[in-house]
Amino acid sequence: MDTIDTIKQRRSTRIFNNKNISDNDIRTMLECAMSAPTARNQQGWRFVVIDDKQILEEISNGLEHGKMCKEANKAIAVCYKVDDELSQLYWQQDASAATQNILLSATSLGIGSVWISIHPRKEKVDFLSNLLNLTNNIKPLCIVALGYKENILKEINRYDDDKVKYNLW
Ligand SMILES: Cc1cc2nc3c(=O)[nH]c(=O)nc-3n(C[C@H](O)[C@H](O)[C@H](O)COP(=O)(O)O)c2cc1C
C-alpha cells in the first residue's frame, strides 16, 4: 500500500475476529517500530509482544479503555528504557513515533490496531508494570492491541484549513 494511503486509511479498530497474526507480520511491525527516529539516535524502545490469552484478558479486565484486548489476537506494549537525563527528556516522543509506526505498518498489512494509553496515568503504569514484570527503568507508554478486523472503517478526512498558519500566528 502506498504510504500516504496507509496513513489516511489508519483507523482505531476495537472489534477483532480470531484470525491469527503471523510471527512474520509481528516481526515486520517491530522492524517498522525500530525504524522510527529517536532523539540523539538513542533507540531506547523496548517491546513486549503479548500473545498469552490470559494476559490479554487481564489487561482487558484491568483497563477501562482497553476492553478490546480480550478479543485482540496479540498486543504490543511499547516501553522505553529510561535511565539517563536524555532518555528522561525524550522517551515519550521516541516511543510515540515507534507506536505510530506499528499502527501504520499494521494498517499496511491489513491488520487492525488501536493505541491504548498507559503513560502518564500512574495507576495504569503500575498495573501494567506489575502484570508484565517490567523493571523500574522500563517505562510503558502504551499498548497496541492487534487483530484482524471485522469491518473496514471508513477513511476520514480531518483536514481543516483553520488549523494551519503560514509563517506567523
Ligand atoms: C495518546 C493516545 C491514547 C489513546 N488511548 C486510547 C485508549 O486507551 N483506548 C482506546 O480505545 N483508544 C485510544 N486511543 C485512540 C483514539 O481514541 C483514536 O485515535 C481517536 O478516537 C481517533 O480515531 P481513529 O484512530 O480511528 O482515527 C488513543 C490514542 C492516542 C493517540
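Start at the ligand and select the residues around it: Arg11, Ser12, Arg14, His65, Gly66, Val114, Trp115, Ile116 and Ser117. Coloured by class, this shell shows three nonpolar, four polar and two charged residues. Keep in mind throughout that the model is predicted.

Next, zoom out to the whole protein chain and switch to a cartoon. There are five helices and four strands, and read from the N terminus the elements follow the order α-α-β-α-β-α-β-α-β. The radius of gyration is 16 Å against the 15 Å that the globule rule gives for 169 residues, so the chain is as compact as a globular protein of that length. Along the principal axes, the C-alpha atoms occupy a box of roughly 45 × 45 × 30 Å. If you colour by burial, 33% of the 169 residues count as buried. Among contacts with a separation of 6 or more, 77% are between residues 24 or more positions apart.

Now select the strands. In what order do they lie in the sheet? The sheet is open and has four strands, ordered β1-β2-β4-β3, with antiparallel pairing. Look at the edges, where β1 (45–50) and β3 (112–117) stand; each has a single partner strand, so one side of each lacks a neighbour in the sheet. On average, neighbouring strands here are turned by 25° against each other, direction ignored.

As a general point, strands of a sheet pair through backbone hydrogen bonds, either parallel or antiparallel.

Which strands does helix α4 lie across? Helix α4 lies across β1, β2, β3 and β4 (138–147), and runs at about 10° to β4.

Finish at helix α5, which spans residues 122–132 and holds Glu123. Is Glu123 buried or exposed? Glu123 has 10 other C-beta atoms within 10 Å, and a residue with 12 or fewer counts as exposed, so Glu123 is exposed.

Terms used: Residues are numbered from 1 along each chain as its sequence is written. This is a predicted model: local features need pLDDT of at least 70, side-chain atom pairs count only at pLDDT 80 or more; totals for chains, interfaces and linings use all residues. A residue is near a molecule or strand if its C-beta atom, placed from the backbone, lies within 6 Å of it. Ala, Val, Leu, Ile, Met, Phe, Trp, Tyr, Cys and Pro count as nonpolar, Asp, Glu, Lys and Arg as charged, and the others, Gly among them, as polar. Helices (H or I, at least four residues) and strands (E, at least two) are DSSP runs, numbered from the N terminus. A residue is buried if 20 or more other C-beta atoms lie within 10 Å of its own, exposed if 12 or fewer, and partly exposed in between; C-beta atoms are placed from the backbone. The radius of gyration is taken over C-alpha atoms; the globule rule is 2.2 Å times the number of residues to the power 0.38. Two residues are in contact if their C-beta atoms, placed from the backbone, lie within 7 Å. Two strands pair if DSSP finds at least two bridges between them. Axes are lines fitted to C-alpha atoms, for helices over the stretch in contact, and angles run from 0 to 180 degrees between N-to-C directions.
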